[in-house]
Amino acid sequence: MKTSSENPVLINWNQLDHESAAREILPCCGSRAWAKGLAALRPLANEDQLFAASDRIWAALPKPAWQEAFDSHPRIGQQHARAATSESLAWSSEEQRAAISNEDAVKLALAEGNRQYEERFGRIFIVCAAGRSAPEILGLLNARMKNTAADEWLEAADQQRQITQLRLRRWLGVNQ
């Protein structure tokens with residue numbers, strides 16, 4: 001990994017005021033509490049410190065902060081979210097590219113699965129979609145419908161953590 005002295009994005013971010021730093025990194029997660037918490041830890045010496053700090057902050061957040069991050073995502077196969085930055089929506093579209101299916105049966109099954117998931121758990125289905133096909137995501141959705149509410153909160157939170165790690169790498173320009 002590059003040190004901060006080699007990564008221009010991290011160098012710049014470490015030098016921003018707290019509010020600007022939080023705003024700059026918000027699209028990577030969607031939770032304002034996460035963004036403010038991460039900005040408060042600056043300066044971070046290198047990418048590994050940033051990734052580790054992100055995970056620590058995420059794990060310590062209350063459920064409403066997790067929900068705020070979940071709300072920044074569109075449903076699988078859709079382009080709109082409750083609350084998201086334009087950069088976050090663009091990243092979601094790119095991450096879901098492999099999940100877009102031309103098969104009507106898969107599209108319908110995903111739409112119905114999303115509806116059932118939202119009815120059961122009260123939020124959209126969160127999955128780290130990068131590199132996954134629509135049938136694979138549908139299989140994960142169906143399997144997770146069997147989770148308890150408590151287990152599904154933790155699973156959704158871990159999926160969001162994975163998404164955040166991918167987005168931090170993209171933001172920094174680090175190979176994934």
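Which residues form one aromatic cluster? Trp58, Trp66, Phe70 and Trp153 do.

## Ground rules

This is a predicted model, where local features need pLDDT of at least 70, side-chain atom pairs count only at pLDDT 80 or more, and totals for chains, interfaces and linings use all residues. Residues are numbered from 1 along each chain as its sequence is written, and side-chain values use heavy atoms, with hydrogens and water left out.

## Aromatic pairs

Let's begin with the rings. The structure holds six aromatic pairs; rings of Phe, Tyr and Trp (its six-membered ring) pair if their centres lie within 6.5 Å, and planes under 30 degrees apart count as stacked, over 60 as edge-to-face and the rest as tilted. One of them joins Trp13 and Trp171, with ring centres 5.8 Å apart and planes at 90°, so this pair is edge-to-face. Because Trp13 lies in helix H1 (residues 8-15) and Trp171 in helix H9, the pair ties together parts that are 158 residues apart in sequence. Helices here are DSSP runs (H or I, at least four residues), numbered from the N terminus.

Trp13 is buried at 0% relative accessibility, and Trp171 is buried at 8%. Buried means under 20% relative accessible area, exposed over 50%, and partly exposed in between (1.4 Å probe, protein chains only). Tyr117 and Phe125 also pair edge-to-face, their ring centres being 5.3 Å apart and their planes at 70°. Tyr117 is buried with a relative accessible area of 0%, and Phe125 is buried at 3%.

## Charges over rings

Two arginines are worth a look here. A charge sits over a ring if NZ of Lys or CZ of Arg is within 6 Å of the ring centre and within 35 degrees of the ring normal. Arg123 lies over the face of Trp153, 4.2 Å from the ring centre, and Trp153 belongs to the cluster that opened this report. The charged end of Arg169 sits over the ring of Phe51, at 4.0 Å from its centre.

## Salt bridges

The count comes to nine salt bridges, each being a side-chain nitrogen of Lys or Arg within 4 Å of a carboxyl oxygen of Asp or Glu. Arg32 bridges to Glu68, with the closest N and O atoms 2.4 Å apart. Glu68 is partly exposed, at 21% relative accessible area.

Glu152 and Arg144 meet in a salt bridge at 2.4 Å, N to O. Glu152 is buried at 0%, and Arg144 is buried at 6%. Elsewhere, shared partners join Asp55, Asp158 and Arg161 into one salt-bridge network.

Conventions: Helices (H or I, at least four residues) and strands (E, at least two) are DSSP runs, numbered from the N terminus.
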